Amino acid sequence: SPYAIIEIMIQQQFNIPELLRPVLDKGQALIIIPPFGSIYDFALGPHILQAETEAKGFKTHILYINMLLASILGIERYDLVHNAPLYWMLGERLFARSAYDMPPLGYNAHNFSGEFMPVAGKKTGLNAFYQTHTPLDKDTVIQMESQCYSFIDEIAPIIASSPYPIIGCGVLMFRQINFSVALLRRVKQLNPEKITIIGGIGCKEESAEGIASLHPSIDYIFKGESETTFTRFLQDCFPSQKNSISTSSLPPQRIITGEPNQNLDNIPIPRYESFFEQYHHFIGDTDQEKIRVWYETSRGCWWAEKSKCTFCSEFPYNFRHKSVNRVLDDLRSIKPLIGDRLLYMSDNIIEPSYPEKLLPQMASSPDFPSLVYQLRTNFNLNILYRFKQSKIPAIFAGIETFSSHVLKLMHKGTLGRQNLLFLRNTACAGIYTTWFLLWGFPGETDSDNREILQLLPLIRHLQPPMNYIPLGLMRNSQFINHPHDFGITEVEPWPVFSDIFPKTSAIEKLSIYYSGEYSSGSEQNASIVGEIAHQVDYWKQNWKKENLVLMNVLGAYAIIDTRSIHNTEKKHFLTEEKVRQIMIPQPYKSSNNSPDIEWALEEKLAVIMDSWYIPLITASPALISNLEKTYNEYPVL
């Protein structure tokens with residue numbers, strides 16, 4: 001068959017044993033990073049386990065098998081699978097046959113690329129906005145499935161004969177489960193003495209029981225945070241710290257449940273160099289700029305302890321953080337290992353004391369790497385500028401929408417005007433801001449969407465969202481735990497889960513995404529979703545060409561406006577008093593406003609949101625700070 005010919009060509013082009021064996025060593029455990037996780041991301045969790053166990057005298061090695069498969073499939077095609085629509089579950093489909101002897105691509109494979117995202121439920125008017133254009137046609141996917149099937153047969157004997165008594169896989173929620181089952185199943189067949197394990201975020205809560213139901217070849221599933229339990233597991237397996245398993249000491253329970261680590265200061269620094277070594281070995285020097293190196297300074301979410309966002313699936317969320325001194329020591333040690341790369345924080349939310357206690361100690365120092373943090377939008381311009389000075393040039397921001405009504409439905413604890421001003425202020429501070437614009441919330445109204453549609457053309461000079469995406473109903477969210485509180489009915493798992501897992505498995509515990517019926521403005525007027533999507537696409541393509549900026553040159557103030565809402569570039573020359581009036585956020589009362597405020601609104605230099613006047617004009621933080629000092633009548637958001 002043509003696919004058999006392809007497999008022969010793969011074997012001729014890639015000598016898999018020669019590629020794998022140099023990165024295998026002797027040790028007690030091998031943790032494999034499966035496809036189709038990103039090849040550019042350092043796997044923080046497994047490397048923490050590696051560092052923890054090495055501190056206790058054990059050798060745990062990490063193998064980025066996803067990089068090896070990417071080099072075989074081709075990086076571009078691998079990334080297409082990684083970035084395919086989640087509801088396709090394409091990474092799981094590609095290994096369904098290898099894992100469970102299913103038909104190629106699992107059940108209902110003929111329909112996988114034509115499915116609409118199940119969150120749409122019966123709302124057929126929304127279907128058009130879920131379709132995804134991708135170069136992955138069905139023939140290409142079938143060919144890739146054949147390559148993946150052959151890949152398991154190629155690597156399993158090498159892993160099974162490797163000098164590691166314990167073979168494990170670290171899994172995310174999806175894309176990596178079926179590969180892990182397929183490989184561990186085959187390894188167990190080839191060498192029954194191997195102990196096979198699975199852990200990672202894909203094994204939290206009920207998912208651990210779901211994974212346990214997939215296949216008996218998985219000996220142990222590590223549920224939750226596993227630094228302590230995995231180290232104890234190795235101590236039980238190897239009481240003399242040799243490479244032979246003490247079978248009498250193996251745990252009796254198949255699911256090993258961890259507890260939240262309450263002292264993060266005890267976590268050693270991961271070995272970053274091994275990631276770079278394997279990237280170079282499997283991938284080479286290609287796309288080095290896409291690499292993301294990760295670190296953590298906290299776990300959990302302190303905001304969820306107060307008022308959990310309704311769509312959030314985080315659980316448990318008890319917040320813990322590292323001490324300032326420990327973070328500073330770690331960052332000094334990490335800097336030589338990663339050079340000038342950004343260091344991404346895995347934290348759900350920044351510890352509230354860090355802006356005052358941690359960041360000032362990092363400012364302008366060459367001893368620390370530049371960081372990327374996830375932030376709420378309750379920071380003003382002065383603090384954002386401090387972030388930039390303290391080596392935080394980029395952030396993930398929890399903006400989601402500019403509708404205060406929808407933000408209240410989310411329990412975000414912020415208002416639309418705060419989100420808008422935050423986005424304006426990050427532009428002023430020069431901070432690259434990654435954020436998403438969401439739609440389709442229960443209780444969202446048509447007027448909420450119209451409010452956003454009217455705003456978008458005015459803010460094309462600010463950073464656009466990464467994507468305009470629909471709400472996803474996830475396990476542990478309030479939408480699923482208390483659906484009737486939000487008017488959600490007919491809640492059921494995405495049907496694709498029954499296509500990618502065996503019928504004998506606990507589908508209800510493996511399914512973390514759900515569909516449901518509920519009322520929203522997006523359903524009532526689906527066309528407005530398309531209009532907003534069109535505006536967002538235009539914004540993403542053109543935002544670097546548009547400006548709305550205030551400058552002060554030799555005491556003269558000028559606003560340069562190149563936004564495409566105007567037919568031509570506009571320039572406004574203003575007095576200092578007028579600039580002070582129009583640049584300061586303030587409560588808006590139409591009956592008692594200065595002519596300058598009304599002029600700025602007419603020129604679309606500002607908007608009224610939540611009964612406040614919000615300027616859209618960007619300027620240097622120093623210029624805005626000087627204006628605020630001479631205009632203290634109103635609080636600055």
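Me: Over the ring of which residue does the charged end of Lys 578 sit?

Reply: The residue is Trp 599, with the charged end of Lys 578 placed 4.0 Å from the ring centre. The term requires NZ of Lys or CZ of Arg to be within 6 Å of the ring centre and within 35 degrees of the ring normal. Arg 376 likewise has its charged end over the ring of Trp 303, 3.9 Å from the centre.

This is a predicted model, in which local features need pLDDT of at least 70 and side-chain atom pairs count only at pLDDT 80 or more, while totals for chains, interfaces and linings use all residues. Residues are numbered from 1 along each chain as its sequence is written, and side-chain values use heavy atoms, leaving out hydrogens and water.

Me: Why is the pair of Tyr 64 and Phe 275 called edge-to-face?

Reply: Rings of Phe, Tyr and Trp (its six-membered ring) pair if their centres lie within 6.5 Å; planes under 30 degrees apart are stacked, over 60 edge-to-face, and the rest tilted. Here the centres are 5.2 Å apart and the planes stand at 70 degrees, so the pair is edge-to-face.

Me: What makes Tyr 64 count as buried?

Reply: Buried means under 20% relative accessible area, exposed over 50%, and partly exposed in between (1.4 Å probe, protein chains only). Tyr 64 has a value of 0% and is therefore buried. Phe 275 is also buried, at 0%.

Me: Why is Leu 554 called exposed?

Reply: Its relative accessible area is 86%, so Leu 554 passes the limit for exposed residues.
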